[in-house]
Amino acid sequence: MSKELAGIFKSLEVKVKKSQAAAKKRAVSIFTTMSVAHVDEEAASDTEVSTSHVEKIFSNGDIYIGQWASENCPHGDGKYLWADGCMYFGEWYKGKSNGKGKFSWPSGATYEGQFKNGYMHGEGTFTGSLNDTYKGCWVMNKKHGKGGLSYANGDHYDGDWRKELQDGQGSYQWNSGHRYVGQWKKGKMNGNGTLIWGNGHRYDGTWEVGLPKGNGTFRWEDGSFYVGVWGKDQKEQNVKFYESTPPVCHDDWEPRQLFSVEMNECVISEAECVSEFPSDKVFSWLNGEGKHHKRHIGKNAKNRRQSVDGRVSNGDGVGINGNINGLGIRPHPVERQGITIGKGHKNYELMLNLQLGIRHSVGRPAPTKSLDLKPTAFDTEEKLWTRFPPEGSKHTPPHQSCDFRWKDYCPLVFRTLRKLFNVDPADYMLSICGNEALRELSSPGKSGSFFYMTNDDKYMIKTMKKAEVKVLKRMLPAYFEHVKNSENTLVTKFFGLHCVKMGGPSLRKVRFVIMGNLFCTEVPISRRFDLKGSSHGRITDKPESEIDANTTLKDLDLNFIFRLQKDWFQQFCRQVERDCDFLEQERIMDYSLLVGISFQECNQELSADEGYLSESCTPIGNVEPDSRGTTPRGSSADTDTSLDPTRWASVRLGINMPARVESTVRSHETQLVGEPTGEFHSVVLFFGIIDILQDYDISKKLEHAYKAFQYDPTSISAVDPIQYSKRFRDFIFSVFKEDG
């Protein structure tokens, strides 16, 4: 190191140390020697990037010392000191902190642990300037998973976290000796739990928003107790006192004191907030001409470089036109699919009738606690229709639509299915029957069915042919048992089967099913594929210039291998086997795996251009299941909220799954699975098995016979369910691999 550079570095180091000492009254050396270990397999296995040791000082006062890649960015071990006093020391991968490292703030706060793409992500310890210390799991700069937090005032929490708040099972110890053990939700005691005060008093029961609410017992050390229903509102409270043996007088204590006295001693502390996240910091590199620039996409043509395949990029894996190298994917938001059904739309009355009927069906009081249904619940031959006259009736409200009749197939079965899928009845009604209109997707599916989407993108409504309704009614008992016994099933989730018989001039009967939307996500979907494992006709007919994030591509368009973490991959294989066995037994064929891919490069570039923070999740613990859907290839939610990490979705099989994709190339046009290239991209995956209502009927048998004369019989979609199931599994397991 030159003497001049060493002197500048030393003076900055002294300045940072002094500011830390003033804030914490303790000296913290920011250049403590660390042992760093690779945690990112992609970085660890990279042998192609050539590096050299450099010492760089930038015109804005930033300094970097460490390994420097030929691609003009840090790669390997190095330390970066910003002019404002922040510092990162640890592993780098292609210009981003990635692996094990340490970040320190001028206030004296530090984070030491795992980083991923610049974010605090994985196991790590954050120590605040006031000496709050959190040690545990992080996801994209947020406490998420298992972890313990020791507060500066002496309190301590240990348990589950979700998006920076206590959520799940955990225990909180106050410095006064009080202790709570139980369930949490959004940073509050919520659910079942026990609070024991330092004096021996205790409450066992249910909690809501940090206070006792519902059935519970308040007990003294001597054995006396109050038991009953508790609530801060005295009108809700109904408790009874039981004396101990021998009796001990507690006349000076009233049940309302539980809220006015005891609970006032049990306030949950607030942890110190991070002033500026490591991922928010901007780096300045020296380009080949010696001028410094900031890592933003598309800002300066001098930042562009040419990749080995001749494509021009901005040096961050994203091309001049915003494309990820070699993929032709543009990280730009796309419009939501569909046309809002307003007054004057040809299906406006149908939408009103549908909403009125669902509100009537779901709102009827018919509670069911058991998931075991009698065979009579599956009786689909019931001819019970409900009439909805415009003026209203004893059981129906007045409305402004035409006179119509409504039929609800197997209402108890679908009510139980909604409960099984954790669908709240009020939320369900609000999504479908709220003030917002439905959206009609622009074109009908291949089957001629029309699709409607709820405004919040949670549910999809599909009109059905009589033959499809017949298949669903036939397989409903087996479907119910399958999803009941397969918590992570990938098959379409059905929430209701209904029929509207329109009056007036139309006189038509419309059957429809309500399903979950697979792509109801705030993560922007970059590519979507419909995969069957056949090759005949399985390529999009759109020119490349017209393909966007809403285009559904097919088997011969697929140019990736999906690589899942070991545990996820094993679970995926088991579930595909179970689901295919079920569909084969029900003589179903022509189904497919719908896959949505969100490229993290796209998310990060969107966030850099528009000021948002990109999101990602890793599998941590058990999470609540979410609605999953089916055709058509549903849209993502509005992109103005898609990059907000405070609105993460749950991670489970097929939903918001972190993974990697490896690019492939085909040696000939009909090759179903291409050869891997070794080029990887970090992604978030969404997938599910859709179109499960086509049985091998006479029309499909005739289609098979006709096409088998013209084409290779193994390449066509219309084949026997047993053959279809085997081919589907073989193909899916050839494009989904363990990320080893």
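This is a predicted model: local features need pLDDT of at least 70, side-chain atom pairs count only at pLDDT 80 or more; totals for chains, interfaces and linings use all residues.

Visitor: What percentage of the residues in the protein chain is buried?

Guide: Buried means under 20% relative accessible area, exposed over 50%, and partly exposed in between, with a 1.4 Å probe and protein chains only. Of the 740 residues in the protein chain, 52% are buried. As for contacts (heavy atoms within 4.5 Å), among those between residues at least 6 apart in sequence, 55% join residues at least 24 apart.

Visitor: How do α4 and α6 cross?

Guide: Axes are lines fitted to C-alpha atoms, for helices over the stretch in contact, and angles run from 0 to 180 degrees between N-to-C directions. Here the axes of α4 (residues 348-363) and α6 (residues 425-433) come within 10 Å and cross at roughly 175°. That makes α4 roughly antiparallel to α6; angles under 35 degrees count as roughly parallel, over 145 as roughly antiparallel, 65 to 115 as roughly perpendicular and the rest as oblique.

Visitor: Which residues make the contact?

Guide: On α4 they are L354, Q355, I358, R359, V362 and G363, and on α6 they are P425, Y428, M429, I432 and C433. By type, the contact of α4 with α6 has eight nonpolar residues, two polar and one charged. In this scheme Ala, Val, Leu, Ile, Met, Phe, Trp, Tyr, Cys and Pro count as nonpolar, Asp, Glu, Lys and Arg as charged, and the others, Gly among them, as polar.

Visitor: Which residues of α6 are buried?

Guide: An α-helix has 3.6 residues a turn, so residues three or four places apart point the same way. In α6 the buried residues are Y428, S431, I432 and C433. Seen down the axis of α6, these fall within an arc of 160°, so they line one face of the helix. The arc is that of the directions from the helix axis to the C-beta atoms. The buried residues of α6 pack against α4, α5 (411-420), β27 (459-464), β28 (494-502) and β29 (509-516).

Visitor: What caps the N-terminal end of α6?

Guide: A polar contact is a pair of N or O atoms within 3.5 Å; within protein, one must be able to donate a hydrogen and the other to accept it, and residues adjacent in sequence count only if both atoms are side-chain atoms. The cap is D424, which has a side-chain oxygen 3.1 Å from the backbone nitrogen of A426.

Visitor: Where is Y157, and what is it in contact with?

Guide: Y157 is in strand β10 (residues 156-162) and counts as buried, at 0% relative accessibility. Beyond four places in sequence, its contacts include G147, Y151, Q166, Y172 and W184. A polar atom of the Y157 side chain lies 2.8 Å from the backbone oxygen of D160.

Visitor: What is the phi of E164, and of D590?

Guide: Most residues other than glycine have a negative phi, and most peptide bonds are trans. Phi of E164 is near 80°, a positive value, and that of D590 is near 70°, also positive. E164 lies in the loop between β10 and β11 (165-173) and is partly exposed, with a relative accessible area of 28%. D590 is in the loop between α8 (566-585) and β33 (592-599) and is buried, at 14%. The side chain of D590 makes a polar contact with that of K532 (2.9 Å).

Visitor: Is S224 buried or exposed?

Guide: S224 is buried, with a relative accessible area of 0%, in the loop between β15 (211-219) and β16 (225-230). Its side chain makes a polar contact with the side chain of D222 (2.8 Å).

Technical notes:
Residues are numbered from 1 along each chain as its sequence is written. Side-chain values use heavy atoms; hydrogens and water are left out. Helices (H or I, at least four residues) and strands (E, at least two) are DSSP runs, numbered from the N terminus.
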